[in-house]
Amino acid sequence: MNKLVLLIGAGFSCAVIGRELAEAGHTVTILDARDHIGGNCHTERDADTNVMVHVYGPHIFHTDDEEVWRYVNRFSTFKPFVNRVKTTAKGQVFSLPINLHTINQFFGKALRPEEARAFIEAQADTSIENPQTFEEQALRFVGKDLYEAFFKGYTQKQWGCSPTELPASILKRLPVRFNYDDNYFAHRFQGMPENGYTPLIEGILDHPKITVRLNTRFTRDMAAGYDHVFYSGPLDGFFDYELGRLGYRTLDFERFTHEGDYQGCAVMNYGDEQVPFTRITEHKHFSPWESHEGSVCYREYSRACGADDIPYYPIRLVKEKSLLEQYVKKAREVDKVTFVGRLGTYRYLDMDVTIREALDTARGFLNHLEAGKAV
Ligand code: UDP
């Protein structure tokens with residue numbers, strides 16, 4: 001039977017779930033409080049330079065999930081793009097993620113892979129058997145000098161707290177390589193949607209059974225009349241923050257333009273703590289197949305997220321985790337609502353994982369319906 005489904009948030013989560021349900025014949029309404037679709041993946045052309053800008057910071061599509069890769073390629077042509085990040089630290093530019101070039105440059109050596117491995121192992125604090133914190137993970141796997149140059153200051157700026165307070169899992173996102181591979185991501189599939197992420201998500205939403213309403217902030221009374229709600233807004237916001245706010249980091253972008261090429265790459269990190277920003281993104285390098293005379297860059301600053309700010313990174317320290325547990329308990333008690341995505345589940349999610357989870361959620365829902373169960 002045809003269901004009326006309401007989805008909150010027009011980012012990847014609800015776009016993908018909405019599409020799957022619409023294709024199965026259900027009637028889908030998607031609301032978003034902002035004046036554009038795409039959530040924090042939103043891209044648009046810069047008014048001065050015409051460069052495609054990642055409005056809410058750099059998004060590079062990378063995945064090992066073949067089905068997800070095929071899925072996004074259905075809605076946009078993907079151009080080859082390999083993310084090669086640089087970092088400025090102590091007055092020099094190095095290659096990230098830490099690779100053989102970084103190690104040789106940093107220590108002024110000409111080591112071969114096995115020599116470098118042994119060299120780094122000698123720097124590492126092997127007394128740390130089971131690293132729990134970000135700092136322990138760094139000291140165990142790269143040693144004090146590289147940690148202090150590349151991770152300590154950056155992480156302090158990014159998260160607003162000491163790396164001794166952060167979980168090891170954050171650093172586990174970054175590999176250490178004993179070869180010259182400077183591809184930031186180790187996934188099989190990587191690329192950029194040719195015309196940006198917003199047209200890609202527009203393509204997903206382009207279905208006769210999907211209606212999108214922008215500039216519409218969800219309140220719980222709007223769920224009346226719908227058979228089910230998928231909610232990708234902030235989990236605590238759904239409950240009007242009644243137990244307090246889950247902590248997020250927000251970002252401020254300081255835009256500037258430049259004639260020609262400002263930094264020669266898309267992303268330049270700044271490892272030194274004294275530099276107040278974490279990185280500079282030069283957007284035209286995300287579209288190397290286009291040609292632009294002018295350039296637009298964003299200096300990126302991270303800070304604690306206030307009530308009126310856009311949430312980016314869930315903090316997930318001990319304090320937040322216990323509040324999260326309380327909200328998750330409340331969420332389980334809400335009938336006919338599924339909480340999805342980065343904000344709805346309060347997790348640091350890459351785009352491909354978001355899409356994978358959205359596909360699985362939609363399929364689970366449809367199977368449930370098919371089995372005649374209540375939704
Ligand atoms: N990180 C760092 N120095 C860098 C890049 C990353 O210390 O130059 C740390 C930082 O704590 C960051 C984490 O590694 O939050 C994960 O990095 P990633 O590039 O995945 O962060 P994202 O681009 O998602 O913000």
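Start by selecting Pro-97, which sits in the loop between β8 and α3 (100-107). Helices here are DSSP runs of H or I with at least four residues, strands are runs of E with at least two, and both are numbered from the N terminus. Show the backbone: Leu-96 and Pro-97 are joined by a cis peptide bond, with omega about -10°. Before moving on, note that this is a predicted model, where local features need pLDDT of at least 70 and side-chain atom pairs count only at pLDDT 80 or more, while totals for chains, interfaces and linings use all residues. Residue numbers start from 1 along each chain as its sequence is written.

As background, most residues other than glycine have a negative phi, and most peptide bonds are trans.

Now back to β8 and its sheet. Select the strands in the order β8-β7-β13-β14-β15-β12-β16: that is an open sheet of 7 strands with mixed pairing. (Two strands pair if DSSP finds at least two bridges between them.) β8 (92-95) and β16 (313-314) are the edge strands, each with a single partner, so one side of each has no neighbour in the sheet. Zoom in on β7 (residues 86-89) and β8, which pair antiparallel over 4 bridges. Lys-86 has Ser-95 in β8 as its bridge partner.

Angles run from 0 to 180 degrees between N-to-C directions, and axes are lines fitted to C-alpha atoms, for helices over the stretch in contact. Contact between residues means that their C-beta atoms, placed from the backbone, lie within 7 Å.

Which helix gives the largest share of the shell around the ligand? That is α6 (residues 143-159), with 5 residues. The shell has 13 residues, and Phe-151, Tyr-154, Thr-155, Arg-173 and Asn-269 come nearest; being near takes a C-beta atom, placed from the backbone, within 6 Å. Colour the shell by type and you get 7 nonpolar, 5 polar and 1 charged. (Nonpolar is Ala, Val, Leu, Ile, Met, Phe, Trp, Tyr, Cys and Pro; charged is Asp, Glu, Lys and Arg; the others, Gly among them, are polar.)

Next, hide all that and show the other sheet: 3 strands, open, in the order β5-β9-β6, with antiparallel pairing. β5 (61-63) and β6 (78-80) stand at the edges with a single partner strand each, so one side of each lacks a neighbour in the sheet. Neighbouring strands of this sheet are turned by 40° against each other on average, direction ignored. β6 is joined to β9 (residues 189-193) by 3 bridges, and Pro-80 has Gly-191 in β9 as its bridge partner.

Last stop: select helix α1 (residues 12-23) and helix α11 (residues 351-370), whose axes come within 8 Å and cross at roughly 35°. Among the residues that meet are Phe-12, Val-16 and Ile-17 in α1, and Met-351, Ile-355 and Ala-358 in α11. By type, the residues of this contact divide into 9 nonpolar, 3 polar and 2 charged.

Key:
Two residues are in contact if their C-beta atoms, placed from the backbone, lie within 7 Å.
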